[in-house]
Amino acid sequence: MYKLFLRSLISVLFLLGLSINANAEFKVGFVYVGPTGDHGWTYQHHEGRNAVEALGIKTTYVESVPEGADAERVIRQLAQSGHDLIFTTSFGYMDPTNKVAKDFPNVKFEHATGYKREHSNVSTYSARFYEGRTLLGHMAGKMTKTNTIGYIASFPIPEVIRGINAMTLAAQKVNPDIKTKIVWVFTWYDPGKESEAAQALIDQGADIIMQHTDSTAPVQVAEKAGVWSFGQASDMQRFAPKSILTSIIDDWAPYYVERSIAARDGTWKQQDTWHGLKEGMVAMAPYNSAMGSDLIKEVEQLQKDLASGKAHSFTGPIYDQKGNILVAEGAVADDGMLAGMNVYVKGVEGDIPQ
Amino acid sequence: MSFDLNFIGILIGAIMASSVPLILAASGELITERSGVLNLGVEGMMIIGAISGFALMVVTDNLFFAVVGSMLSGLILSFIFGLLTQSLLTNHVATGLALTIFGIGMSAMIGKNFVGIPGKEFPLLFLDLKESIPFLGPIFFGHSIILYFAFGLPFLTNYFLKKTKTGLIIRAVGDSPTSASNQGINVTLVRYSCILYGGAMCGLAGAYLSLIYTPQWIENMTGGRGWIALALVVFATWSPIKVLIGALIFGGITILQLHMQAVGLRIPVQLLSALPYIMTIIVLVVISRDSRKIKLNTPTSLGQIFYKEK
C-alpha cells in the first residue's frame, strides 16, 4: 500500500513537472516601484505594458515594489515562474536585477535607468529626460518673476542631478539671474511629503515648481498657490490646468513592444539604449497658451533642434559650482560624462547630499 | 529667507495642518490601547478612510457625507479587527498587521476608479480674519473644521480618561481586565467600543489627507503616517497631551527641514530628513522621564488576549 502510494506520488509529481515544462508560453514580467495609478512614472511604464499586452503577449506586473531586498525577491519570483523577459523599471533595482540575472541565464532582463550590465542577459535602457528638462529650463527662465525656481528632487543619483543641471543651464541662458532652490525628499512617491516640499519652496519665493518625483501633488499645490509648474513623466495637465506649462512625457511603449517581440522571436541581444526627443521616448505635452505664442514658438524650435542634434543640452562652456570648467567652450558633454554626472553646475544652490 | 512675523505665522499654520492626521489617528489609537488592545492596523484604517471619504465626495458631491462615511469605513474595518481579536481571540499584533495590508490593498482596489479626479474645495473657516490679522491670523484662522476638532481632541481625551467614569472604566480594563471583569464590567464590550472609536478616528485622519491636505486620491497616500501615529502613542507614554506635542514637533520639523533645504543651509540633507524622527523621540523621552507617571499611564494588559471563563 505504502509503495503504491509512493509510486503514484512520484508519477504525479513527474506529470506535474512535465506540464510545467510544457507550459512554455512566452511571458513578460514588469516590476514597478510605485502604484500603476500614480499618474506619473509607473503609470507610463504600465501604458507600455498595455501596448505589449495588446499584441497578444502575456504579461504580469508587480506594483509598489520597494527598492532593496524586496525587489530581488520579486524579480526572482518572476524569473522562477516562467517569465522569459523581465522589465525592472526603477534605478534601485539595478543590483537585484543583475544578481537574479546571474542565476537565470535563459531569462532576459531589461533594467531601466541603470548602467550595470554584468551578465549577457541584462540590457539597460533609459530616456534622455534631460532634453525635456532643457525645454523646461528655457520656459522657467522666461516665466519666472522672482528669479527663483523650486526643484523637488528625489535621490542624489546622476539621473536626477543631470536634470537639475540641464534645467539650470537652459534657464541661465535666457535669464542669467535665476537661482535654483532644491529640496531633497528622499522618496520617489509620497504625495504628502512632495506637497510639503512644494509649499516650502513657494514660501521661499519660488514661482516655478519642478519635480523629479512621481505624484501629482506638487502641481496641485502650485495650482492652489498660483505659481507655474511642470508635470513629470506623464501629462498632468488636468490636475493643475492653469499652473502647468507642459509635462515631460516618458513614452516607453515602442521600446517595450520592440524588445518583447525580439525576445519572443529569439533575436534579443544585450544592448544599452538611451533615446530622447528624437526617437520619441521623451515627448512634450501640449504647451500652455498662457506662455504666449512667441515663447511657445521658441520652445518648439528648441525642441526641434534638440531632436535633430543641432542643439545639445550640455553645450560648453559649463562650469561647476567652484568655477572649474566641466565642458570646454563649443564642445558638448559626451554620454559617459552625462551618465556619471555627480556635480552641480554653477548657479545651483547647496550641496549634493553624499 | 524672509523672517517677517507674518511669514512665521504662515509657517506655524502649515505645521499645524500637517500634524492633524497624526493627532487624530494617535488620539484614537490611544483610547484603543488604554483599553488594553494593540491595534497595528492604523495605517490600513487611515487609507480606507482616505479612499472612502474621497469616493463619497465624488459620488454624493457632499463633504459632510464624505467625512461621516470615512469615519464609518474606518469603524467597519476596526470592527473586523474587534471580531477577530475579541470574539475569536486572535493575536493582536498579527491581526493588526493583516488589517493594514488588507486596508492598503482594498483601498487600491476601490480607488482604481477614482484616480485622477481632482478634489473638491473644502471650506476653510475665518478666511477674512486670517488675512487681516498679521502673525496670529494665519495661526488661528483659515483652517478646516477638522483641524479645530483635532486640536481640541487631545484635551477632551485627557479629561475623558481622567475625570469621567467611562474613562476610568477603560483604564481599569486596560490595566487589569480580570479584576475589571470581576467587578462586573463587560470587558469585551468596553474593548469593542474602544476599537471602534479608534477606527473612526483613523478613518477621519485618512479623510483629512484625501479631502483637505492633498485633495485627491492617490494610492498609498497615507505614506506611513499610521506607523508614525502608532509610535507617537508609545513615545508619548499614552498621554494625550504629549501625543499632541509629539505630533506638532514631528510635523514642525518635517516642514522646517524642507525650508532649511530651500534656503540652502549647509547641513547634510540626510541628517535633516532624519531630524523629525530623532527630535520627536528625544523630546518625548525627555518630557516623559517620570517613571511613576509612565507606570500610571501604561495599560498593563496591552496586547494580551482576555477571555472570561464561564
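Helix α12(B) has 24 residues, which at 1.5 Å a residue should span 34 Å, and its end C-alpha atoms are 34 Å apart, which agrees; the expected span is 1.5 Å times one less than the number of residues. The structure is a predicted model, in which local features need pLDDT of at least 70 and side-chain atom pairs count only at pLDDT 80 or more, while totals for chains, interfaces and linings use all residues. Residues are numbered from 1 along each chain as its sequence is written, and chains are lettered from A and ligands numbered from 1 in the order in which they are written. Helices (H or I, at least four residues) and strands (E, at least two) are DSSP runs, numbered from the N terminus.

- After α12(B) comes Gly264(B), whose phi is positive, near 90°.
- Helix α10(B), residues 187–213, should span 39 Å with its 27 residues at 1.5 Å each, and the 37 Å between its end C-alpha atoms agrees with this.
- Because 23 of its 27 residues are buried, α10(B) is largely enclosed by the rest of the structure.

**Packing of α12 with α13 in chain B**
- Helix α12(B) (residues 240–263) packs against α13(B) (residues 269–287) at an angle of about 160°, with the axes 9 Å apart; axes are lines fitted to C-alpha atoms over the stretch in contact, and angles run from 0 to 180 degrees between N-to-C directions.
- That angle makes the two helices roughly antiparallel, a term for angles over 145 degrees.
- Among the residues making the contact are Phe250(B) of α12(B) and Pro276(B) of α13(B), where contact means C-beta atoms within 7 Å.
- The contact residues divide into 12 nonpolar, 6 polar and 1 charged; Ala, Val, Leu, Ile, Met, Phe, Trp, Tyr, Cys and Pro count as nonpolar, Asp, Glu, Lys and Arg as charged, and the others, Gly among them, as polar.

**Where chain A touches chain B**
- In all, 31 residues of chain A are in contact with 32 residues of chain B.
- The largest share of chain A's side, 10 residues, comes from α7(A).
- The residues on chain A's side comprise 12 nonpolar, 11 polar and 8 charged.

Key:
Buried ≥ 20, exposed ≤ 12 C-beta atoms within 10 Å, placed from the backbone. Parallel < 35°, antiparallel > 145°, perpendicular 65-115°, else oblique. Contact = placed C-beta atoms within 7 Å.
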